[in-house]
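I opened this notebook to record how the chains of the model touch one another. The entries follow the order in which I looked things up.

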Number of protein chains: 4
Amino acid sequence: MSRFAGVIPPLCTPLDVDGRVDVGSLESLITFQLEAGVQGLFVLGSSGEAIYLTDDDRRKIVDVTTSYVAGQVPVFAGALDASTRRVIDQVRWLSDLAIQALVITAPFYANLSDPEIVGHFTAIAARTELPLIAYDIPGNVGRKLPLRVAQELLESGTISGIKDSSGSLADFRRLLDKQGEDRRSSLLSGADILADIALEIGADGLIPGLANVRPDLFVDLYAAHLRGDKNDVASCQHAILDLVAIFSAGEPFGLGRHASELGGLKYILQREGIIATAVVSPPLTRYPDEGLRALDEIVDRIPR
Amino acid sequence: MSRFAGVIPPLCTPLDVDGRVDVGSLESLITFQLEAGVQGLFVLGSSGEAIYLTDDDRRKIVDVTTSYVAGQVPVFAGALDASTRRVIDQVRWLSDLAIQALVITAPFYANLSDPEIVGHFTAIAARTELPLIAYDIPGNVGRKLPLRVAQELLESGTISGIKDSSGSLADFRRLLDKQGEDRRSSLLSGADILADIALEIGADGLIPGLANVRPDLFVDLYAAHLRGDKNDVASCQHAILDLVAIFSAGEPFGLGRHASELGGLKYILQREGIIATAVVSPPLTRYPDEGLRALDEIVDRIPR
Amino acid sequence: MSRFAGVIPPLCTPLDVDGRVDVGSLESLITFQLEAGVQGLFVLGSSGEAIYLTDDDRRKIVDVTTSYVAGQVPVFAGALDASTRRVIDQVRWLSDLAIQALVITAPFYANLSDPEIVGHFTAIAARTELPLIAYDIPGNVGRKLPLRVAQELLESGTISGIKDSSGSLADFRRLLDKQGEDRRSSLLSGADILADIALEIGADGLIPGLANVRPDLFVDLYAAHLRGDKNDVASCQHAILDLVAIFSAGEPFGLGRHASELGGLKYILQREGIIATAVVSPPLTRYPDEGLRALDEIVDRIPR
Amino acid sequence: MSRFAGVIPPLCTPLDVDGRVDVGSLESLITFQLEAGVQGLFVLGSSGEAIYLTDDDRRKIVDVTTSYVAGQVPVFAGALDASTRRVIDQVRWLSDLAIQALVITAPFYANLSDPEIVGHFTAIAARTELPLIAYDIPGNVGRKLPLRVAQELLESGTISGIKDSSGSLADFRRLLDKQGEDRRSSLLSGADILADIALEIGADGLIPGLANVRPDLFVDLYAAHLRGDKNDVASCQHAILDLVAIFSAGEPFGLGRHASELGGLKYILQREGIIATAVVSPPLTRYPDEGLRALDEIVDRIPR
């Protein structure tokens, strides 16, 4: 199996005004992404509000996405749940669908030891033929995937890759260094602010939240990286840096981090006519009107 | 509705050697508890390994418990999941069963604002006739239920009580003070080390992990508290303090906190012939033999 | 040596409008405390803003206090600094003054192992004849003094006592239980909300921040505790609970925790005519006028 | 004033067997650094054990360093203390010495609000003519310097630069982006693992702990960066990555993080004959012999 590579946006999940999955908007968002030239799609991640979705919603999203993508690019799906057995319950039905990889966090809720975290991934790997990507997202899971655990899991072949959303490139770089350039594992970064750097230190690909709204910037950045064009990389990255303010735009209005980030991305997608509403999963707070104006200003500043 | 009161052990979930729910052992444990005179039972809590259990296992545990208890004492059930919608999915089927209260944590995984946490409980309350008990367990949820949120939820009647497993009695006391003695809410403490104190400052009842192995001590303590017998309270509490070492007995052997606590309780129940195995849910580590000897020593020191 | 016992307020440090130690106000505050019948005084603690004070200021405060107290009650002094050698520098000059005990935190700034924390206290103990009280204040030091470290230090006689300001009585109770009633060590609690409980589980005394403004309540509570009068204990504690709102009164106005707590206590002392200003050390923010009105309301609610 | 730039090692403080500052070894270490071509020296930082040193020791280190360096390169000095007034006490005497910049953390010990942190730096800036470098080292200070605070301090000219030892390049990059290439501020990175990247995203210079033992690697890396030689940058960085294991070499032997890092660096300097002992400040634990063998192996693997 070759490594996964390129831009693999962690898709938002469009909802209708009643908070149900909006299939039409999801298809429109997928079209928008494929037309931008992304190399893959990741559904049911944190940006996809997977933690807020029921199993029925989750299945619908995977079905719609895999049908619509129809093999043009690989589709990753998150199997988010708090413990090994419950993740395995997700993995069971996900493994029957036309996806190419499963994205799995360490257990959250309880405090586990390092060997127990290894045991978690090992038990899940035994239940599926699909490659597993370990999802290192301490902001949600409560602690960083320890470097030693990541190394052990990669060396044993239990996992096929890492999605590093830890915010720190230091451990990720040590992993890249240990794994080497001939590795078979896919080392993918969730970085927006450091997307160019992640590629430069050897990441195979990017899974950046901002790619929901501007996949073109990341696709161009990745292409420029491949052809070694530092100037183009820099100008894409510069535009990305201007967009980062979206994530915290809701904070002055009292929104929590998740509501600020997800609501910001969805509002911009709605504004661009790609999805129908900016509704986020309850109990996340919606942006007030002044917050939407702040988002408008951020986006209007960026040339297209 | 009157307040819930007395000793309501957070039941362990006995597993067989294959890690499946062991119904016979569960019935035996329930018998042991009822014979000790407990005033209620709490299944599917953290001590019950609920987070590790599939929905099928969870349902089986509630069915067995409610059938076996047959109304002798109230049965609480946890509806543990990471987000509002997913908790509601649990609440839906749990509400059809013969339980008397639902125990609900704040969302974990994502960072929510205070109003979003209020929204979480409000949305759940709208879907069930059962009283909700907010489960304040920062060691697992990742942060303490803010005092202001707890007060707001109690005052609005959204929740009917609190299970305080925060380890700090300070906020709990402020709640007890604000709610007053004529309150309708049930303020319950998860404290083992401070069980006597929790009652003295006005807690209605106790949900202590150590009650799994020595319900008699807590039942006697509660009875002594009710009749104002300080000496008997003190002697029960003294014995409880000696048992607390169970929780950390696995730590010198590298076990994580959950494995140490749950494995310790189960080994003692097995040793006493109440349950068949000390198996804990994967990927939790099992005690090595020296660890079991350490547990033996702790228990052998306590007179019965 | 007998144990330290009773109410030992952690004195505020009155400042003049230029932020210098206000000796007259300090003497007035000491008079107020001694007239209320306190059993000791603790200067240069967290409530005393010691961390904000230069060595000259610190020395002046100890000199004024010991002269003014003139042996009527024991005086404790904090020797707050971030590392062993720098604490020893404090201890050196403090040991020449007429104080009865030194209060010492674990090192802050760097992360130390448990044996290193033991080494810290051992090295300090070797430099002074004065008894050491370990100051367990994780809110400032960054982590709790580990129970095992506290036990080891007490058993070896390196320290003579503990001031528990951890907010959790659980570990403190385990210490009390292990040390036993015949102990020689002084186990003192910084609790306000749980002052009665701390005494009941065996604490020798109290070092509560609110005693700055209402030493009478704590002195009465302690006396009632000694004579076993539960009703009087309860009524004192009830009034104390009403005062606790002082600590967070500044938070709605954007004040940090320290500014809210220290500024609140000082404003009330100023209002009562005991000290001249409510000035706190820079860069702590001062209460806005609406914040002072909130403090007035809290205090006016409490009968004298 | 032009920006500070290049490699500015955070010097270790050599101690003799009695734990006193070893002036001869310090001079030898400075010679070693200057011969390697470093562009500056930073004394009294975290790597310099400043927090463990008395004021007399600190002054001696600055005196020796500035005399010995004699203006060949700029010398930065840390003014580490826990609060504004106490830092000002350090700044007062440091400002009379022949140093070129002061390195200042946010207050530690107490929790301050953002405006209070701004006030801290503002008050210090008012007391010295020397440029201030804000020292962002959350591992020791307990929390990250908030991005907004850093921006405000840079924009107002209160501080002249940042030393980013936060481990995360994301905020640092946002600062670099906001400040722009024409900035007057010096944005310096404490990164070892990401030294090349820090330069590439625009950092003016590096303050990396590993430069103590291999300044040549960082000097070569910086020179290669300036001349745009990506291959040489990569080969220097690759060797640096191999050295990073020094920092955690003590952890399998139970050493705390500080003891592991500082003891590791000093042992290697001793082994190379540059300093006389590997003694670290009490109460830090020393490496056991097996730990020293582990360090030998790490260093022996790196070609010179």
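I counted two residues as in contact when they have heavy atoms within 4.5 Å. The model is predicted, so I noted that local features need pLDDT of at least 70 and side-chain atom pairs pLDDT 80 or more, while totals for chains, interfaces and linings use all residues. Residues are numbered from 1 along each chain as its sequence is written, chains are lettered from A and ligands numbered from 1 in the order written, and side-chain values use heavy atoms, without hydrogens and water.

**Entry 1: chains B and C.** I found 20 residues of chain B in contact with 20 residues of chain C. The buried area (accessible area, 1.4 Å probe, lost on being put together, summed over both parts) is about 1,700 Å², with 55% on carbon and sulfur atoms. Arg173(B), Arg174(B) and Asp177(B) supply 32% of the area that chain B buries here, more than any other three residues. Lys230(B) and Glu200(C) form a salt bridge at 3.0 Å, N to O.

**Entry 2: chains B and A.** Here 42 residues of chain B meet 42 residues of chain A. They bury about 3,400 Å², 52% of it from carbon and sulfur atoms. In chain B, Arg85(B), Arg86(B) and Tyr109(B) lose the most area to chain A, together 29% of what that side buries. Arg86(B) pairs with Asp55(A) in a salt bridge, with the closest N and O atoms 3.0 Å apart.

Notes
Buried area = accessible area lost by both parts, 1.4 Å probe. Salt bridge = Lys/Arg side-chain N within 4 Å of Asp/Glu carboxyl O.
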